Amino acid sequence: MTDALKRLSDEGVAIWLDDLSRKRITSGNLAELIDQSHVVGVTTNPSIFQKAISSGDGYEQQLADLAARKVTVDEAIRMITTADVRDAADILRPVFDRTDGQDGRVSIEVDPRLAHETTATIAEAKQLAWLVDRPNTLIKIPATKAGLPAITEVIGKGISVNVTLIFSLERYRAVMDAYLSGLEKAKAAGLDLSLIHSVASFFVSRVDSEIDKRLDAIGTDEAKALKGKAALANARLAYEAYEEVFSSDRWNALERLGANKQRPLWASTGVKDPAYKDTLYVVDLVAPNTVNTMPEATLEATADHGQVAGDTVRGTYAQARAELDAVAKLGISYDDVVQLLEDEGVEKFEASWNDLLKSTEAELARLAPTEA
């Protein structure tokens, strides 16, 4: 079952699970995935926590204790989510130690309501790092315009970061610049650069969902022939940008001081269109020093029938550019698409967070002790 996953790992792709819940932790499922399915990291987001906590499975006692303490709903959510991340980090600690800190990591996101507030994002990132208190944590900061200076400041303080919600090539280059600027600040502060890690989460499937919808609206044979190509092309050109930045003189100077490359992480790799093979955004994005964070269904599909045929990214850049150019020639604006996706991404996470606030508030009220 795991031959394809092992091959993927051997090709330099770190397999991370895009899901976390208390039941997954306490049942031994996470440990089993690490042991049997080559999983070496975990990512979370507000939607994942909303689904996990709203299920109620495993959270009852902590919610009752928090209700008895009369904590605010915001504090309750942070206590619950950081407890899950801390426990998952402990389970992954042997992987972290074995890989010298590159893998074995768990990501937790800053409050999505702060996505357009730089100072608040920095403060939240510092607080989350302190609350979880595990060296193998990554703090997720969105790649909004306000998020970019926050990334630099947080990296500059020696806190490892997962930059999330990257859709555009231009913004991805800005993210890499923010990371290098953060390393330079850390160096100036006398910090050990070898202890700072980062991944850049470049979102994949949502690009096809939006562009395919616009191609369908055009409806010509030429438009239909381009369906399912834009997301891979976009991601492959992101890897080209990664290769360029992390071979520059600026990077080389930092690498000599022990700095770690910011790995590209392929996010949103579950296929949304059933017409596409369910392993599309895994087997067609194989490249060294990358991460693929998969929902469990995608992980299982890859294990079952994924055809891993070596590097499927390098050497594709000219074709990728031609495919994006062809989409543009049909009148579909790349800049419009990626901005829309960023805005929707922030809105979706904020909506999930608000749903989580409401459901947790209701549970706290239900479990609040009645005074005699």
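With which side chain does the side chain of R214 make a polar contact? The partner is the side chain of D336, at 2.7 Å, where a polar contact is a pair of N or O atoms within 3.5 Å, and within protein one must be able to donate a hydrogen and the other to accept it, residues adjacent in sequence counting only if both atoms are side-chain atoms.

## Basis of the model

This is a predicted model, in which local features need pLDDT of at least 70 and side-chain atom pairs count only at pLDDT 80 or more, while totals for chains, interfaces and linings use all residues. Residues are numbered from 1 along each chain as its sequence is written, and side-chain values use heavy atoms, with hydrogens and water left out.

## The chain as a whole

The secondary structure comes to 17 helices and eight strands, these being DSSP runs numbered from the N terminus (helices: H or I, at least four residues; strands: E, at least two). The radius of gyration is 21 Å, close to the 21 Å that the globule rule gives for 372 residues, so the chain is as compact as a globular protein of that length; the radius is taken over C-alpha atoms, and the rule is 2.2 Å times the number of residues to the power 0.38. Along the principal axes, the C-alpha atoms fill a box of roughly 75 × 50 × 40 Å.

Of the 372 residues, 55% count as buried, a class defined as under 20% relative accessible area, with exposed meaning over 50% and partly exposed in between (1.4 Å probe, protein chains only). Among contacts between residues at least 6 apart in sequence, 80% join residues at least 24 apart, a contact being heavy atoms within 4.5 Å. The chain has 42 positive and 59 negative side chains, and the centres of the two sets lie 2 Å apart; Lys and Arg count as positive and Asp and Glu as negative, with His and the chain ends not counted, and each charge is placed at NZ of Lys, CZ of Arg, CG of Asp or CD of Glu.

## N45 and helix 4

N45 lies in the loop between strand 2 (39–42) and helix 4 (46–55), and its relative accessibility of 10% is why it counts as buried. At the start of helix 4, a side-chain oxygen of N45 reaches to within 2.9 Å of the backbone nitrogen of S47, and a polar atom of the N45 side chain also lies 2.8 Å from the backbone nitrogen of I48. Leaving aside residues up to four places away in sequence, N45 touches D18, E109, K140 and F349.

In helix 4 itself, the buried residues are P46, I48, F49, Q50, A52 and I53, and these buried residues pack against helix 6 (73–98), strand 3 (105–109) and helix 17 (334–367). Just after helix 4, G56 takes a positive phi of about 80°.

H38, with phi near 60°, is found in the loop between helix 3 (29–36) and strand 2, and counts as partly exposed at 26% relative accessibility. K70 likewise has phi near 60°, but lies in the loop between helix 5 (60–68) and helix 6, where at 64% relative accessibility K70 counts as exposed.

R214 is found in helix 10 (residues 205–218) and is partly exposed, with a relative accessible area of 21%. Beyond four places in sequence, R214 touches I332, S333, D336, V337 and L340, so that D336, the partner in the polar contact, is one of the listed neighbours. From R214 to Y239 the separation is 25 residues in sequence and 25 Å in space, C-alpha to C-alpha.

R321 lies in helix 16 (residues 317–329) and, at 38% relative accessibility, counts as partly exposed. With residues up to four places away in sequence not counted, R321 touches L237 and E240; a polar contact of 2.8 Å joins the side chains of R321 and E240, while the C-alpha atoms of R321 and L237, 84 residues apart along the chain, are separated by 7.5 Å.
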